[in-house]
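Morning, everyone. I have one model to walk through today. Here it is on the screen.

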Amino acid sequence: MVLTREYRICMPLTTKEYRIGQLYMIARHSHEQSESEEGVEVVEKVECVHPEHGTGQYTEKRIHLFSKLPYWIQSIIPRLGFITEKAWNYYPFTITGILNYN
């Protein structure tokens with residue numbers, strides 16, 4: 001027999017306020033992780049429309065991670081170019097694709 005428990009936490013904010021806070025924290029984290037030539041580089045950020053989910057935002061980012069790797073891995077592999085993340089955000093639905101370029 002399986003016992004399933006569900007816990008709900010009441011938040012003192014609306015869905016719209018939560019969405020604004022989520023977008024702010026994502027942008028803040030990207031900014032904090034970006035230093036000189038490393039970190040997150042936003043290539044494209046545009047509004048888009050999906051037939052099922054409605055209006056949303058398409059974002060393409062280049063993520064430079066080489067300096068975040070441990071030193072022993074840096075010495076073994078060649079310098080990575082970047083990883084590209086393509087995301088379609090139709091709150092609360094998100095579609096994300098990640099590509100690796102060298």
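Let me start with a question: in which helix do Arg-28 and Glu-32 lie, and how many residues apart are they? Both lie in helix 1, four residues apart, and that spacing is about one turn of the helix. Keep that pair in mind. A caution before we go on: this is a predicted model.

Now the overall picture. The chain has two helices and four strands. Reading from the N terminus, the order is α-β-β-α-β-β.

Next, the dimensions. The radius of gyration of the chain is 18 Å, whereas a compact globule of 102 residues would be near 13 Å. Along the principal axes, the C-alpha atoms fill a box of roughly 50 × 45 × 30 Å.

On burial, 17% of the 102 residues are buried. The exposed surface comes to about 8600 Å². Carbon and sulfur atoms supply 59% of that surface.

Contacts next. Take those between residues at least 6 apart in sequence. Of these, 35% join residues at least 24 apart.

Then charge. I count 11 positive and 12 negative side chains. The centres of the two sets lie 5 Å apart.

That brings us back to the opening pair. Side chains of opposite charge can pair when their charged atoms come close. How many salt bridges does a search of the whole structure find? Two.

Arg-28 counts as partly exposed because its relative accessibility is 40%. Glu-32 is partly exposed as well, with a relative accessible area of 48%.

Glu-6 and Arg-8 form a salt bridge too, and there the closest N and O atoms are 2.5 Å apart. Is Glu-6 buried or exposed? At 59% relative accessibility, Glu-6 counts as exposed. Arg-8 has a relative accessible area of 70%, so Arg-8 is exposed.

Back to helix 1, which spans residues 15-33, for one more side chain: Tyr-18. Its relative accessibility is 44%, so Tyr-18 counts as partly exposed. Which residues does Tyr-18 touch, leaving out those up to four places away in sequence? Leu-13 and Tyr-91.

On to the strands. Thr-59 sits in strand 2, residues 54-64. Why does Thr-59 count as buried? Because its relative accessibility is 12%, and the cut-off for buried is under 20%.

Look at what surrounds Thr-59. Setting aside neighbours within four places in sequence, Thr-59 is in contact with Val-42, Glu-44 and Lys-45, and also with Glu-85, Lys-86 and Ala-87.

Lys-86 turns up again at my last stop, Leu-99. Leu-99 belongs to strand 4, residues 93-101. With a relative accessible area of 36%, Leu-99 is partly exposed. Not counting residues up to four places away in sequence, Leu-99 touches Ile-83, Thr-84 and Lys-86.

How far apart are the C-alpha atoms of Leu-99 and Thr-84? The separation is 5.1 Å, for two residues 15 apart along the chain.

To recap, then. The model is predicted. Its elements run α-β-β-α-β-β. Thr-59 is buried, while Tyr-18 is partly exposed, and Leu-99 is partly exposed. Over to you for discussion.

How values were computed: Residues are numbered from 1 along each chain as its sequence is written. This is a predicted model: local features need pLDDT of at least 70, side-chain atom pairs count only at pLDDT 80 or more; totals for chains, interfaces and linings use all residues. Side-chain values use heavy atoms; hydrogens and water are left out. The radius of gyration is taken over C-alpha atoms; the globule rule is 2.2 Å times the number of residues to the power 0.38. Buried means under 20% relative accessible area, exposed over 50%, partly exposed in between (1.4 Å probe, protein chains only). Contact means heavy atoms within 4.5 Å. Accessible areas come from the Shrake-Rupley method with a 1.4 Å probe; for residues, only the protein chains shown count as cover. Lys and Arg count as positive and Asp and Glu as negative; His and the chain ends are not counted. The place of a charge is taken as NZ of Lys, CZ of Arg, CG of Asp or CD of Glu. A salt bridge is a side-chain nitrogen of Lys or Arg within 4 Å of a carboxyl oxygen of Asp or Glu.
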